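Subject: Structure handover

Hello,

Here is the structure I said I would pass on. My notes come after it.

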Amino acid sequence: MSNDQEASVSNIELNSQYTGTLGGAVIRHTLIFFVIMFIWEMANRTGFSNPLLLPRPTDIVASIWKIYVTQGNVWYHLWVTFQEAMLGCLVGTVIGIALAVAAVLSDTFRQFLKPYIIIVEATPRIAVGPIFVTWFGFGMSSKVALAALVCFFAPFVNTITGLLGVQEESYELFRSLGANRRQVFWRLMIPTALPTMNAGLKLAVGSAFGGALVAEFISAQAGMGILMARYTMSLNMPSAFAGLLSITLYGFLLFRTMEVIDRRVLYWLDDDLMAKKSAKRAIKFRQELGL
Amino acid sequence: MAEDIVISGSGLGKQFNETVIAVEDANFTIPRGSFISLVGPSGCGKSTLLRLISGLIEKSGGDLLVRNAEVEGPRSDIGMMFQKAVLLDWRTSIENVLLPDEIRGTVDQDAKKRAWDHLQLVGLKDFEFSFPRQLSGGMQQRVALARLLQTGADIMLLDEPFGALDEFTRERLNDELLRIVEGPDITTIFVTHNIQEAIYLADQVFVMTPRPGRIAAQIKIDLPTPRHIDMLTTPEFNKYVQEVRDVLAGHLDGQPL
């Protein structure tokens, strides 16, 4: 209770920084941004920095226009990388959650799994990239595989943490009500673990993108990774930077999408959504009961 | 006599491993409709005894009969309530109250109507569709009480149900609990470490002492019913308090607590 109150107080303080002077903050940040860009541009034009390695902001903007509009070649590569990352994320998450559930439900399996998990954890997973490319080829499957491997861990660990977080008294309640294992699992364990599991999922989506990109760097026919590698190899730095900015933007959009989904799914952790849900269920229930 | 006894233990024991004897040689009978308080310091085995009766854990020795049958696991005529409300955060009050029916697969119009009525009974009118996080600690326990009533169990096992609440809320909820469980049908076992509370609520107080956990005394409380908060200051009441204290003191002397 007191934690909630503290949290809401700090929220108000955080928000007031923005709500109070929202216009001011936007102006300030825009100003600072343009000053930095101006210095960067000038450093280049005066020959202070090497334009071959660090392209001018204006050139980057021109390249963005080029790869998105006049050439329009970036869309295809984005789509390829997006597919690889999402598919990899799906595979990695499903395997991660499945192993976590099995490990929580069976002590024997958990003991069996433990050393292998430690090995996987100790291995920098990106390092498996060349092996995966050799195994699964230059096409999409090696990227999916590396993305899956890279993002498997967060859902795995978070699912275990979440499921083990169910309190003893909750189990006792369900058992005293005569619940079977399936009911305990679906009605108690999974919803209790869901917030932690979702946090793992959010991390997984981000790292899957990284995994797919790294696999593309190694060897690929299409995708943002190979596109950027080609740009840098031909010293087309403005386009390389344009590609990097695209990846940042899509990473950001993906994360925000995940947050929106997260909030929807975990409505009981959000005051506004909870109030709405409460009103909806009240109407439905009253109708059913004719109250 | 025999048909009036709902729960009886003889030589009942529970040992967790070679060294920890949680309950030893418990002998007791609990008549139908009575209110029993189990009082004692931490580690005296009162929660263990409650869980033995509930069927959540297995005894190590002796006999434990509920309605003349050995306890072999959780039963539908026994309901439990804990110190934590143990509500499901993603469900509204009424959905939490309906959980017992959901688990038994008996959710229908009638069950929903009963859940609604139980929430009114525990004083949660207008909070039927609130989520647990929108409720105070006391209100959460009220939902838990409504859920217990929804089970239809006539043996209610309460493990320090209001122990985490402030004193004012606890007193109020105790009174409401008494109002709800009074009458000849509902048998209640109430675990607490508060001597006053134990006496105030009960027809009979089982005083338990630790290492090993034993029922050291069974004290019948002959105070008029319904109980009233003013009784807490009467000499009769304080005589019982002293009696319980004496039992505990006699067993705890020289024991490291």
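Predicted model: local features only at pLDDT ≥ 70, side-chain atom pairs only at ≥ 80, totals over all residues.

Residues are numbered from 1 along each chain as its sequence is written, and chains are lettered from A and ligands numbered from 1 in the order in which they are written.

Helices (DSSP runs of H or I, at least four residues) and strands (E, at least two) are numbered from the N terminus.

In chain B, helix H5 covers residues 137-150. Its end C-alpha atoms lie 20 Å apart, in agreement with the 20 Å that 14 residues should span (1.5 Å times one less than the number of residues). Of these residues, 11 are buried, so H5(B) is largely enclosed by the rest of the structure. Buried means 20 or more other C-beta atoms within 10 Å of a residue's own, with C-beta atoms placed from the backbone. Among the buried residues are Arg142(B), Leu145(B) and Leu149(B). After H5(B) comes Gly152(B), with a positive phi near 75 degrees.

Chain A is divided into domain 1 (1-49) and domain 2 (56-289), with bounds from an automatic or database domain assignment. Their centres, taken over C-alpha atoms, are 28 Å apart.

Helix H5 of chain A (residues 107-122) reaches 23 Å from its first C-alpha to its last, close to the expected 22 Å. The number of buried residues among its 16 is zero, so H5(A) lies largely in the open.

Regards

Technical notes. Buried ≥ 20, exposed ≤ 12 C-beta atoms within 10 Å, placed from the backbone.
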